[in-house]
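Have the model open while you go through them.

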Amino acid sequence: MPSKLTDRTGVIFGVANKRSLAWSCAKALDAQGMRLCLTYATDRLGDGVRKLAEELNNPLVLRCDVTDPDEIDSVFVKIGDEFGHLDTVLHGVAFAKREELVGNFYHTTKDGYVLAHEVSAYSLTAVSRRALPLMEGREGTIVTLTYIGSERVVRNYNVMGIAKAALEASVRYLANDIGRHGHRVNAISAGPIRTLSASGVAGFSKILDHIEEHSPMRRNITGEEVGNTCLFLCSDMSRGITGSTIYVDSGYHIMGV
Ligand SMILES: NC(=O)c1ccc[n+]([C@@H]2O[C@H](COP(=O)([O-])OP(=O)(O)OC[C@H]3O[C@@H](n4cnc5c(N)ncnc54)[C@H](O)[C@@H]3O)[C@@H](O)[C@H]2O)c1
């Protein structure tokens, strides 16, 4: 069993609704006593996220569009004021234009390419840099969410696959930067789960069917399984693990033909 996280604090980026993987992670950390700050991307999502937050133990809830450096700064200032320190960052943010998640990858526009990378990959570095001063003297843990489309071709995943490859490489470089200070950063490569973002990938239902038929466990994963792996990666049970991509995908990543 992971140790209790009652003296720890964390910030969660990427809660849109109750299906969000970031929400599953938040629930798992909150259940072990971590004091959380939840962030949401736009005002449109605010009421829903505040309502969800009532299920947790008195979290801070803030808006943060990760493409706006001032909003990111403001989140960490408020966390500093409210919590005084920070132990954990959960990065569950990604975006690509819907029209770039269908058809040939070579149709990707420069704008679409840059936007997907800014939101889905660069934002990890942007939030990690701001988290570090608040992690000083603690053993900080950073976790991000990725997908096997970074390393294999998944039809229609397109520019998001390239952004996930950049995200996973960022995890390795960050791990080397921060490891000497006792901090760790890892990625969870989750199998497909029906969420708001996932519904933007053309043919997503077929991907779910494929996993049910071809993964070693012959089933899809749950958000709870992702949340529990996040809890493991943020607890002392995983103290020796950093720079890694951990697969929560019913074993699909091992399969060949
Ligand atoms: N659902 C899956 O099948 C699956 C599988 C593997 C990895 N992932 C990854 O999990 C993470 C969470 O996605 P999800 O499936 O829970 O979907 P989701 O739509 O619930 O979460 C994506 C989040 O990104 C946020 N976001 C988008 N643009 C933003 C911006 N500019 N600033 C701040 N936040 C922004 C959205 O508001 C949303 O909260 C993503 O990185 C996704 O790629 C998902």
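1. Terms to begin with. On a 1 Å grid over the protein atoms alone, a pocket is an open set of points with protein on both sides within 12 Å along at least five of seven lines, while a cavity is a set where a 1.4 Å probe fits but cannot get out; lining residues have an atom within 4 Å of a point. Grid points are joined across faces, edges and corners, and a volume is the space filled by probe spheres set on the points. This is a predicted model, where local features need pLDDT of at least 70 and side-chain atom pairs count only at pLDDT 80 or more, though totals for chains, interfaces and linings use all residues. Numbering runs from 1 along each chain as its sequence is written, and side-chain values use heavy atoms, with hydrogens and water left out.

2. The second largest pocket. Its volume comes to about 400 Å³. There are 14 lining residues, and Val-153, Val-154, Arg-155, Ile-207 and His-210 lie nearest the centre. By class that lining is eight nonpolar, three polar and three charged (Ala, Val, Leu, Ile, Met, Phe, Trp, Tyr, Cys and Pro count as nonpolar, Asp, Glu, Lys and Arg as charged, and the others, Gly among them, as polar).

3. The largest pocket. Here you have about 1200 Å³ of space. Of its 45 lining residues, Val-93, Ala-94, Phe-95, Leu-196 and Ser-197 are the closest to the centre. Elements that each supply at least two lining residues include helix H1 (21-31), strand E2 (35-40) and helix H5 (158-178); helices (H or I, at least four residues) and strands (E, at least two) are DSSP runs, numbered from the N terminus. The lining splits into 28 nonpolar, 13 polar and four charged residues.

4. Where does the ligand sit? It sits in the largest pocket, meaning that more than half of its atoms lie within 2 Å of the pocket's grid points. The ligand is surrounded by 29 residues, with Ser-20, Leu-21, Ile-193, Thr-195 and Ser-197 the closest (a residue is near if one of its heavy atoms lies within 4 Å). That shell has 19 nonpolar, eight polar and two charged residues.

5. A ligand oxygen is 2.6 Å from an N or O atom in the Ser-20 side chain, and a ligand nitrogen is 2.9 Å from one in the side chain of Asp-65. On the backbone side, a polar atom of Ile-193 is 2.8 Å from a ligand oxygen. The protein covers 91% of the 810 Å² of accessible area that the ligand has on its own (Shrake-Rupley method, 1.4 Å probe).

6. The cavity. One cavity of 30 Å³ or more turns up in a search of the whole structure. The largest cavity holds about 50 Å³ of space, and its lining includes Tyr-147, Pro-192, Asp-249 and Tyr-252. Six nonpolar, two polar and one charged residue make up that lining.

7. Backbone spots to look at. Most residues other than glycine have a negative phi. Arg-218 has a positive phi, near 50 degrees, and lies in the loop between H6 and helix H7 (223-234). Ser-250, also not a glycine, has a phi of about 55 degrees and lies in the segment after strand E7 (245-248).

Note on methods: Polar contact = N/O pair within 3.5 Å; in protein donor to acceptor, adjacent residues only side chain to side chain.
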